[in-house]
Amino acid sequence: MREPFWRGLAAMDSAVGLEADWRSCLGQAFDLLAPFLVRTCQMESAHPCIAKPPCGCRHAVRETRTGLKAVCLCEDAVCEPFPVAASQLGAWELDRSRFDAALRAGLLLEACRHTPFARRSLHEIGAFPQAALPVCLALGQPDSVLCDLEEFWSLRPGPVLVLIPAPLDAPARFDSTLARNASLALALSTVLEPLPGGPFQLAGSLDDLIGPWLAQVSQTASRDTLFRATQRQISAVRREVARLPKLPEPVNEEDARRLFALVKQMDTDTAVRKAPLLQVFRLYCQENRSAAEVARDCGCSKALVVTRLAQLRRKLGRDPAQLRVIAGQFETMEEGFSDWRARKIQRRQAANLEDRDENED
Ligand SMILES: [Zn+2]
Ligand SMILES: [Zn+2]
């Protein structure tokens with residue numbers, strides 16, 4: 001009864017119809033679906049043909065002198081009108097929440113942890129416990145199912161197991177769209193047996209059918225999770241590093257000698273009288289003075305000291321503050337320093353020269 005049950009469900013254009021529609025689609029399997037059908041207040045004005053084989057039209061229900069009759073609308077009116085009772089014209093629909101719950105139990109799925117996605121042709125019924133992969137039931141024409149699926153993926157991209165009642169006649173476009181989204185269609189007619197009274201029972205191994213796909217998407221999912229976790233760690237470390245005070249980079253002795261030689265060279269080249277580079281370097285790096293203290297010592301403005309430090313930074317390719325740690329050990333600096341101090345004393349004696357240097361940069 002498995003095959004007629006699922007094929008019959010697939011044959012229903014929608015999950016609502018007259019009892020006659022359900023019976024004509026499901027045949028003997030109707031009784032297995034009956035527990036999931038509920039009466040709606042909708043009254044139909046057409047009735048399926050009861051001829052065998054059917055004429056091809058949906059008979060229109062008309063009032064006649066002898067009561068309600070279902071009249072054939074075919075051009076040559078091949079069927080005789082047949083009587084219908086008003087009670088036969090009430091529509092029945094599939095109770096989706098009960099049906100979805102029974103499927104979930106039959107397939108051993110977990111309930112959704114959020115509001116399930118529900119559209120006309122697509123219902124999210126649960127998830128695979130191992131991988132938290134969503135499982136949806138598709139009822140309807142493939143085009144409308146695909147339309148609903150696109151909406152689902154726009155909200156929650158990623159793999160989905162799409163349950164369809166029975167294999168599709170022309171699955172190419174359907175399957176390729178699913179494959180593009182790492183998703184898979186599974187025909188329930190191949191795995192789930194409807195039992196009298198409502199429950200479903202697994203009729204085969206789900207693992208055989210979807211095991212490889214499940215393993216593949218779980219692996220991708222755990223890789224993605226690992227990737228995201230690593231990204232989070234990297235960001236955390238970056239934030240941590242940004243908060244750390246800037247420490248001077250270690251400078252080796254050879255580098256330091258080269259840099260000092262550069263400073264001396266620069267001083268000779270520019271030969272300024274006020275706050276020469278070598279002197280600023282000496283006070284700032286070797287004696288750890290602040291820029292303001294250097295300015296006081298050199299008898300110039302702090303702005304000029306800042307300018308000198310910027311010159312040092314540009315030419316040495318390092319922040320002068322970074323050189324403070326090792327500057328003290330170099331005797332070679334002393335020589336330059338004494339030269340400068342001697343010049344400074346001479347300059348104090350010739351105070352009329354003082355102001356000219358302020359704006360030389
Ligand atoms: Zn007919
Ligand atoms: Zn007809």
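Mentor: Start with a rule: two strands pair if DSSP finds at least two bridges between them. Keep in mind that this is a predicted model.

Trainee: What makes E2 and E7 a pair?

Mentor: Four bridges join E2 to strand E7, residues 90-94. The rule asks for at least two bridges, so the two strands pair. They run antiparallel. In one place, leucine 37 stands opposite leucine 94 in E7.

Trainee: Which strands belong to the sheet with E7, and in what order?

Mentor: Three strands form an open sheet, ordered E1-E7-E2, with antiparallel pairing.

Trainee: In what sense do E10 and E11 pair?

Mentor: Strand E10 (residues 161-164) and strand E11 (residues 184-187) pair in the parallel sense, over four bridges. The bridge partner of valine 162 in E11 is alanine 185. Between the two strands the chain passes through helix H6, residues 172-180, and this β-α-β crossover is right-handed.

Trainee: What makes H9 roughly perpendicular to H11?

Mentor: The axes of helix H9 (residues 277-286) and helix H11 (residues 302-316) cross at roughly 95° and come within 10 Å. Angles of 65 to 115 degrees count as roughly perpendicular. That is why H9 is called roughly perpendicular to H11.

Trainee: Which residues make that contact?

Mentor: H9 brings Leu277, Val280, Phe281 and Tyr284. H11 brings Val305, Arg308, Leu309, Gln311 and Leu312. Sorted by type, the residues of the contact of H9 with H11 are seven nonpolar, one polar and one charged.

Trainee: Why is alanine 275 called buried?

Mentor: Alanine 275 has 26 other C-beta atoms within 10 Å. The cut-off for buried is 20 or more. So alanine 275 is buried. Alanine 275 sits in the loop between helix H8 (253-270) and H9. Its phi is near 45°, a positive value in a residue other than glycine.

Trainee: Why does alanine 182 count as partly exposed?

Mentor: Alanine 182 has 16 other C-beta atoms within 10 Å. Buried needs 20 or more, and exposed needs 12 or fewer. The count of 16 falls in between, so alanine 182 is partly exposed. Its place is the loop between H6 and E11. Phi of alanine 182 is near 55°, again a positive value in a residue other than glycine.

Trainee: Is leucine 149 buried or exposed?

Mentor: Leucine 149 has 24 C-beta neighbours inside 10 Å, so it counts as buried. Leucine 149 lies in helix H5, residues 142-155. Not counting residues up to four places away in sequence, leucine 149 touches Leu122 and Val162.

Trainee: Which residues of H1 are buried?

Mentor: In helix H1 (residues 2-11) they are Phe5, Trp6, Gly8, Leu9 and Ala10. What covers them includes H2, helix H3 (30-33) and strand E12 (192-194).

Trainee: Which peptide bond is cis?

Mentor: The bond joining lysine 52 and proline 53 is cis, with omega about -5°. Proline 53 is in the loop between strand E3 (46-48) and strand E4 (58-64).

Trainee: How many helices and strands are there in the protein?

Mentor: The protein has 13 helices and 13 strands. Of its 361 residues, 27% are buried.

Key
Residues numbered from 1 in each chain as written. Chains lettered and ligands numbered in written order. Predicted model: local features only at pLDDT ≥ 70, side-chain atom pairs only at ≥ 80, totals over all residues. Right-handed = clockwise from strand over helix to strand, strands pointing away. Axes fitted to C-alpha atoms, helices over the stretch in contact; angles between N-to-C directions. Parallel < 35°, antiparallel > 145°, perpendicular 65-115°, else oblique. Contact = placed C-beta atoms within 7 Å. Nonpolar A, V, L, I, M, F, W, Y, C, P; charged D, E, K, R; others polar.
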